[in-house]
Amino acid sequence: MKINKVLKSNLLISENLDYFGIAEKLKIREIVKELIKPIRRKMSRIGTVKLHDRLVIAFKENNIKMGRDKLNTLLREEDMLVPRKKNF
């Protein structure tokens with residue numbers, strides 16, 4: 001009986017994710033992370049602004065609407081921001 005409740009609750013959760021568009025947002029986040037990886041492999045110290053400038057064309061091809069601030073938030077949440085260099 002507990003298994004049935006768990007399955008029903010998981011089904012409800014997945015339906016709610018689709019209803020609120022969260023599943024689509026998660027897919028977009030994964031696509032953007034995959035687009036960032038090759039750029040960061042070549043230039044590991046590239047910042048958000050330059051990274052966004054390089055990704056604009058890829059965003060249009062994949063029909064992704066993401067501005068610089070949203071990209072910065074994603075990088076912060078995924079711990080992908082470049083740490084600042086200190087000048088001593």
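The model is a predicted one, so to speak of local features takes a pLDDT of at least 70 and side-chain atom pairs count only at pLDDT 80 or more, while totals for chains, interfaces and linings use all residues. Residues are numbered from 1 along each chain as its sequence is written, and side-chain values use heavy atoms, with hydrogens and water left out.

Now for the overall layout. The chain has four helices and zero strands, and its pattern along the sequence reads α-α-α-α (helices are DSSP runs of H or I with at least four residues, strands are runs of E with at least two, and numbering starts from the N terminus). Take the contacts between residues at least 6 apart in sequence: 56% of them join residues at least 24 apart (contact means heavy atoms within 4.5 Å).

Lys33 sits in helix H2, which spans residues 22–42. Is Lys33 buried or exposed? Its relative accessible area is 15%, so Lys33 is buried. Leaving aside residues up to four places away in sequence, Lys33 touches Leu74, Glu78 and Met80. With Glu78 there is also a side-chain link, a polar contact of 3.2 Å (a pair of N or O atoms within 3.5 Å; within protein, one must be able to donate a hydrogen and the other to accept it, and residues adjacent in sequence count only if both atoms are side-chain atoms).

Next come the pockets (on a 1 Å grid over the protein atoms alone, a pocket is an open set of points with protein on both sides within 12 Å along at least five of seven lines, and lining residues have an atom within 4 Å of a point). The largest pocket holds about 220 Å³ of space (grid points are joined across faces, edges and corners, and the volume is the space filled by probe spheres set on the points). Its lining includes Lys25, Ile28, Arg29 and Leu74. By class, the lining has four nonpolar, one polar and five charged residues (Ala, Val, Leu, Ile, Met, Phe, Trp, Tyr, Cys and Pro count as nonpolar, Asp, Glu, Lys and Arg as charged, and the others, Gly among them, as polar).

The second largest pocket contains about 190 Å³, and its lining splits into three nonpolar, two polar and three charged residues. Among the lining residues are Gly47 and Arg84. These two are 37 residues apart along the chain, yet 9.9 Å separates their C-alpha atoms. Arg84 is in the segment after H4 and counts as exposed, at 80% relative accessibility.

Finally, which residues other than glycine have a positive phi? Asn63 is one of them, at about 55 degrees; Asn63 lies in the loop between helix H3 (48–61) and H4 and is exposed, with a relative accessible area of 67%. Asp79 is another, with phi near 60 degrees. Asp79 belongs to the segment after H4, and its 71% relative accessibility makes Asp79 exposed.

Conventions
Buried means under 20% relative accessible area, exposed over 50%, partly exposed in between (1.4 Å probe, protein chains only). On a 1 Å grid over the protein atoms alone, a cavity is a set of points where a 1.4 Å probe fits but cannot get out, and a pocket is an open set with protein on both sides within 12 Å along at least five of seven lines; lining residues have an atom within 4 Å of a point.
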